[in-house]
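Please keep the sequence and the picture beside you as you go through them.

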Amino acid sequence: IGTIGEEDKSERFKHKIAEILAGFNLLETSTYHLSNKMAENEFMNLKNELVEIENAYTEDYSALRASLLPSLLNVLKNNKHNEYPQNLFEIGNVFTKQQEQAKLACILSHAEANFTSIKQILESLAKILNYNLKIKEHDHPSFIPGRCAKVMINGKDVGYIGELHPQVLENFEIGMPVSCFEINLNQ
C-alpha cells in the first residue's frame with residue numbers, strides 16, 4: 001500500500017512556537033532528558049518524585065528530568081562567561097512516573113529581567129496562537145514570593161511564570177536576575 005507521509009500535527013505546532021519565540025529574539029536550546037536529584041529538587045527548592053535510573057553510570061545523570069527549567073539554568077551556568085542578555089527557550093519532554101509530557105520553558109537572564117518582561121512574551125505568544133490566557137497569583141518554592149503566578153490557558157492550569165528566587169540562582173551559580181515560565185503543551 002502506498003501512502004504519503006506528513007509531519008505530525010503536534011510537531012508542526014512545536015515548530016510554530018519555536019519560530020514565534022525565535023522572532024522574539026530568544027535562542028532555542030536542546031538539553032539532555034537525563035538530570036539528577038540535586039538539580040531537579042534541591043537546587044530548585046522542590047520535592048518532586050523523580051524517575052530514577054537504576055545503575056546510573058554517573059550521579060550527574062541519575063534521573064529523568066521532571067522540569068525543563070533546571071536544564072536551562074545549567075545552560076546559563078555554563079555560559080555565564082558570555083555576554084548578557086541570555087534569553088533562551090526549550091521545547092522538550094519531561095517525565096513523571098505516570099507519563100511523559102511535552103513542555104515549553106523560556107528564560108530571560110539580564111540585569112533588567114523581571115516578571116513583566118517574561119509575561120509580555122507569554123501574552124504575545126498566546127495572542128498569536130489565539131489562546132485565552134489568564135494568570136493567577138500563586139506561590140511556588142522556586143520563585144520569589146509575590147512574583148510568581150499560575151498560567152491558565154483556555155481554562156486549564158498549564159504551568160507557572162515568575163522571577164526565580166535568589167537561592168535558586170545561587171544554587172546554579174548565576175549572578176543575574178532570571179525570569180521564566182514553563183508550560184505544558186499537551187493540554
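Predicted model: local features only at pLDDT ≥ 70, side-chain atom pairs only at ≥ 80, totals over all residues.

1. I begin at Cys180, a residue of β10, where Gly162 stands opposite Cys180.

2. The protein chain has an average pLDDT of 94, and 99% of the residues score at least 70. Within the protein chain, the confidence is highest in β10, with a mean of 97, and lowest in β3, with a mean of 90.

3. Are the residues of β10 buried or exposed? The strand is mostly covered, since 7 of its 7 residues are buried. In a regular strand the side chains alternate between the two faces of the sheet. Here Val178, Cys180, Glu182 and Asn184 point one way from β10, whereas Ser179, Phe181 and Ile183 point the other way, and all are buried.

4. Two of these residues, Phe181 and Ile183, return in the largest nonpolar core, which has 28 residues and in which Leu104, Phe181 and Ile183 have the most contacts. The elements that give two or more residues to this core are α1 (9-23), β5 (86-95), β6 (100-109), α4 (115-128), β8 (143-153), β9 (156-164) and β10 (178-184). Among the contributors, α4 gives the most, with 6 residues. Apart from this core lies another one, of 22 residues, which includes Leu88, Val94, Phe172 and Ile174.

5. Which residues are in contact with Leu104, if its neighbours within four places in sequence are left aside? The list includes Ile17, Leu21, Leu68, Phe89, Ile91 and Leu125, together with Phe181 and Ile183. Glu90 and Glu182 are also among the contacts of Leu104.

6. Ala102 is placed in strand β6, and with a relative accessibility of 6% this residue counts as buried, because the limit for that word is under 20%. By contrast, the C-alpha atoms of Ala102 and Lys80 are separated by 27 Å, although the two residues are 22 residues apart along the chain.

7. A search of the whole structure finds 4 aromatic pairs. In one of them, the rings of Phe43 and Phe172 have their centres 5.2 Å apart and their planes at 80°, so the pair is edge-to-face. Phe43 lies in the loop between α2 (37-42) and β3, and Phe172 in the loop between α5 (166-171) and β10, so the pair ties together parts that are 129 residues apart in sequence. Phe172 counts as buried, at 0% relative accessibility.

8. Finally, please look at the open sheet that 3 strands form in the order β2-β4-β3, with antiparallel pairing. Its edge strands are β2 (34-35) and β3 (51-52), each of which pairs on one side only. Between β2 and β4 (residues 63-64) the antiparallel pairing extends over 2 bridges, and the bridge partner of Ser35 in β4 is Ala63.

Methods
Residues numbered from 1 in each chain as written. Heavy atoms only, no water. Pairing = 2+ DSSP bridges. Helix = DSSP H or I, 4+ residues; strand = E, 2+ residues; numbered from the N terminus. Core = buried A, V, L, I, M, F, W, Y, C linked by side-chain atoms within 4.5 Å. Buried < 20%, exposed > 50% of the residue type's maximum accessible area, 1.4 Å probe, protein only. Contact = heavy atoms within 4.5 Å. Phe/Tyr/Trp six-rings, centres within 6.5 Å; stacked < 30°, edge-to-face > 60°. pLDDT = per-residue confidence, 0-100.
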